[in-house]
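This report describes how parts of one protein chain are held against each other. Please look through the model before reading on.

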Amino acid sequence: MRQGIVQKEDDTMAYGIFLDDLQLPVTPGKITMRHKNKNQTVDLINGEEINLLRAEGLREISFDFLIPGAPYPFAKYPDGVLSAGEIRRKLESLKTAPFIFTVDRVPPGGGEHEYESIKVSLEDVAITEDADEGFDMLASVRLKQYTDYRAKAAEIRDGATVKPRPAESAPVVNTYTVVSGDCLWNIAKRFLGDGNRYTEIYEFNRDKIANPSLIYPGQVLTMP
């Protein structure tokens with residue numbers, strides 16, 4: 001197996017890494033997540049230097065992972081063994097649209113999972129084949145946080161006036177109040193038709209939910 005990609009079977013934290021609905025068969029040895037600031041340094045006329053603090057930029061995520069050329073016993077195949085070709089085609093398909101990157105952390109000895117999900121775009125993927133590694137391949141992936149945006153074109157004519165929108169046509173905001181026994185997956189399954197869309201509810205309610213696996217009765221969630 002390639003150096004730096006290790007699957008441990010002890011009491012350390014266990015991880016599951018997902019690119020959309022693809023669980024990586026072998027967990028990366030490490031993941032780098034960069035939180036870039038967009039601060040600007042300015043020289044004042046008196047020679048002093050100051051730093052102008054700005055909002056955080058888009059996060060960048062990078063890691064390497066093994067694409068096994070054989071069904072190793074330590075690899076994860078929740079939906080059946082995937083060939084190296086199938087994994088490569090899945091990576092190619094992710095280049096065309098944003099998707100959810102998820103880290104599923106399992107504490108030592110088991111316990112409640114801790115999820116971290118972020119909408120990303122696939123910026124770069126490089127796949128290396130090495131004769132010394134047989135049929136195994138190494139994929140190097142670089143992701144970038146994706147922010148939804150909408151642009152509308154407006155035509156302004158000379159002398160035109162803008163009429164306020166009637167109150168009755170204001171957009172409707174759908175909400176849901178959490179009850180005992182709820183979890184985001186079940187709420188997404190019930191209202192969005194797919195439990196895996198729980199990450200969308202989480203993204204809409206980051207101001208209320210610190211951990212997507214922990215919600216409480218009485219919380220009022222904004223639904224996508």
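A salt bridge is a side-chain nitrogen of Lys or Arg within 4 Å of a carboxyl oxygen of Asp or Glu. By this rule, Arg-59, Arg-105, Glu-114 and Glu-116 are linked in a network of salt bridges. The model is a predicted one.

**Salt bridges**

In total the structure holds 11 salt bridges. Side chains of opposite charge can pair when their charged atoms come close.

| Pair | N to O distance |
|---|---|
| Lys-90 and Asp-21 | 2.9 Å |
| Arg-206 and Glu-203 | 3.1 Å |
| Lys-95 and Glu-92 | 3.4 Å |

The salt bridge between Lys-90 and Asp-21 links distant parts of the chain: Lys-90 belongs to helix H1, while Asp-21 sits in the loop between S1 and S2, 69 residues apart. Asp-21 has a relative accessible area of 53% and is exposed. Lys-95 is partly exposed, with a relative accessible area of 44%, and Glu-92 is partly exposed at 44% relative accessibility. Arg-206 counts as partly exposed at 37%, and Glu-203 is partly exposed at 29%.

**The nonpolar cores**

Which residues have the most contacts inside the largest nonpolar core? They are Leu-19, Phe-63, Phe-65, Phe-101 and Leu-143, in a core of 23 residues. Two or more residues each come from strand S1 (14-19), strand S6 (60-67), helix H1 (84-93), strand S7 (99-106), strand S8 (114-129) and strand S9 (137-145). Apart from this core lies another, of 13 residues, with Ala-188, Tyr-202, Ile-209 and Met-223 among them.

Leu-143 touches residues that include Leu-19, Phe-63, Phe-101, Val-120 and Leu-122.

Helix H1 has Ala-84, Ile-87 and Leu-91 as buried residues. Seen down the helix axis, the buried residues of H1 fall within an arc of 65 degrees, so they line one face of the helix. They pack against S1, strand S2 (22-23), S6, S8 and S9.

**Strands S1, S2 and S7**

S1 and S7 run antiparallel and are joined by 6 bridges. Across this pairing, Leu-19 stands opposite Phe-101 in S7. S1 also pairs with S2 in the antiparallel sense, over 2 bridges, and here Phe-18 stands opposite Gln-23 in S2. S1 and S2 form a hairpin with 2 residues between them. In the turn, Asp-20 has a positive phi of about 60 degrees.

**Aromatic rings**

The structure holds 4 aromatic pairs. The ring centres of Phe-63 and Phe-65 are 6.3 Å apart and the planes stand at 45 degrees, so this pair is tilted. Both Phe-63 and Phe-65 are buried. For Tyr-72 and Phe-74 the centres are 5.1 Å apart and the planes are at 15 degrees, so the pair is stacked. Tyr-72 counts as partly exposed, at 27% relative accessibility. Ring pairs also link Phe-63, Phe-65 and Phe-101 into a cluster.

**An aromatic residue in a loop**

Is Phe-135 buried or exposed? With a relative accessible area of 72%, Phe-135 is exposed, and its place is in the loop between S8 and S9. Not counting residues up to four places away in sequence, Phe-135 touches Ile-67 and Gly-69. Phe-135 and Ile-67 are 68 residues apart along the chain, and their C-alpha atoms are separated by 8.9 Å.

Conventions: Residues are numbered from 1 along each chain as its sequence is written. This is a predicted model: local features need pLDDT of at least 70, side-chain atom pairs count only at pLDDT 80 or more; totals for chains, interfaces and linings use all residues. Side-chain values use heavy atoms; hydrogens and water are left out. A nonpolar core is a set of buried Ala, Val, Leu, Ile, Met, Phe, Trp, Tyr and Cys residues joined through side-chain atoms within 4.5 Å. Buried means under 20% relative accessible area, exposed over 50%, partly exposed in between (1.4 Å probe, protein chains only). Helices (H or I, at least four residues) and strands (E, at least two) are DSSP runs, numbered from the N terminus. Contact means heavy atoms within 4.5 Å. The arc is that of the directions from the helix axis to the C-beta atoms. Rings of Phe, Tyr and Trp (its six-membered ring) pair if their centres lie within 6.5 Å; planes under 30 degrees apart count as stacked, over 60 as edge-to-face and the rest as tilted. Two strands pair if DSSP finds at least two bridges between them.
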